[in-house]
Amino acid sequence: MSAAMRLSRWHTGLTATNPSVAALVVRDGAIVGAAVTAPGGRPHAETQALSMAGGKARGATLYVTLEPCSHHGKTPPCADAITAAGISRVVVSLTDPDPRVSGRGLAILRDAGIAVESGVLEEEGRRVLGAYLMRQTRGRPQVTLKLAVSADGMIGRRDHAPGEGQVAITGPVARAQVHVLRAEMDAILVGIGTALADDPELTCRAPGLEARSPLRIVLDRRLDLPPASKLVRSARDVPVIAASIGEASETPETPETPETPGSGRAARRQALADAGVEILETGSLATLLSSLAARGVSSLLVEGGAGVARSFLDQGLVDRILLFEGTTTVGAAGLASPLTRADMPAGFRLLREEAFGPDRLTEYERFS
């Protein structure tokens, strides 16, 4: 099961509305079939693994990270395929909370005389499939807040010119890890302040993973995202959403200035739309998350800035915190981090610590 969970991460962020599930067919102590949910969500892991195993599947054990489906969708139920292949035992980590499945898949297998064991490495399985479980049970994506904090508790500096980029808080090894993280996410989000100051791309640029860039979202109440920005210029290659919600926009907002002819909100909206940016009007962060979940977004990475991070934290919408700590000192012109290891919010517990070169990562998960 542990091997299956490692395999399932291969396609995390690529399987659309379906979770990235892995299946292993084991016979006489050897793996004779192994597969993970295909990009786009079809075909499922079970049918691929059974096809690879062929006749060796008869009498074998199937390890699968999530309960096999039991309903007819775009493909027949995996539970039926498992029965037809002659599998004698199925080991499952988690039952599927999808109401179309939710125990029915296991019941089909048991009714067919197949030995079924569930709950194997269940806690680890809940972490591996946490994003899918969050969307199914809470109707919103799993939210991961990522912060890079300097040795003096800053996330950047106030005095850099727009577009010149922020001071590098962490080194190249830690930054490469962030790009791998982006490759596993369905969507990434920043506030308009960060978008204007840093002109980020928010893509995955790790070698070999460039095609796995997530949906990019900017909290932009007034639709101030410049048409010349990297985000807008690349919107037809990697989708961008400008989410117009009032109270959740990053602070400080861009200053209110008198509108000149042709420069009003309607004109800015049209310019963004013409460039391929989707405009999403919504009332709050919570409704934004619900809207994202409805379109199949299961995981959201929040990268900046301080006001956006604080809004998500204050509204109880953060599920994981990734705190990268660098050795750089920013100084008096720095922007203070909304949190550090010393003042982690109540309800979070330390999950792991790792080193990436001279930089340190601590990961926390919500437990209440």
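How many bridges join β10 to β11, and do these strands run parallel or antiparallel? The close-ups below, all taken from a predicted model, start with this pair.

**View 1. Two neighbouring strands, β10 and β11.** Four bridges join the pair, and the strands run parallel. To find one of the bridges, look for I241: its partner in β11 is E278. As background, strands of a sheet pair through hydrogen bonds of the backbone, in either a parallel or an antiparallel way.

View 2. Now step back to see an open sheet of nine strands with mixed pairing. Follow the strands in the order β11-β10-β9-β8-β12-β6-β13-β16-β15. β11 (278-281) and β15 (348-356) stand at the edges; each has a single partner strand, so one side of each has no neighbour in the sheet. From one strand to the next, the twist averages 20°.

**View 3. A helix lying across the sheet.** Here α11 lies across β6, β8, β9, β10, β11 and β12. Compare its direction with that of β9: α11 runs at about 165° to this strand.

**View 4. The largest nonpolar core.** This core has 33 residues, and those with the most contacts inside it are L189, I217, L288, L300 and F312. At least two core residues come from each of β6 (142-149), β8 (187-191), β9 (215-219), β10 (240-244), α11 (285-294), β12 (299-304), α12 (306-314) and β13 (320-325).

**View 5. The buried face of helix α3.** Helix α3 (residues 78-85) has C78, A79, I82 and A85 as its buried residues. Seen down the helix axis, these residues fall within an arc of 130°, so they line one face of α3. Among the elements covering the buried residues of α3 are α2 (45-53), β3 (61-66), β4 (89-94) and α4 (104-111). After the helix comes G86, with a positive phi near 85°.

Key. Residues are numbered from 1 along each chain as its sequence is written. This is a predicted model: local features need pLDDT of at least 70, side-chain atom pairs count only at pLDDT 80 or more; totals for chains, interfaces and linings use all residues. Side-chain values use heavy atoms; hydrogens and water are left out. A nonpolar core is a set of buried Ala, Val, Leu, Ile, Met, Phe, Trp, Tyr and Cys residues joined through side-chain atoms within 4.5 Å. Buried means under 20% relative accessible area, exposed over 50%, partly exposed in between (1.4 Å probe, protein chains only). Two strands pair if DSSP finds at least two bridges between them. Axes are lines fitted to C-alpha atoms, for helices over the stretch in contact, and angles run from 0 to 180 degrees between N-to-C directions. Contact means heavy atoms within 4.5 Å. The arc is that of the directions from the helix axis to the C-beta atoms.
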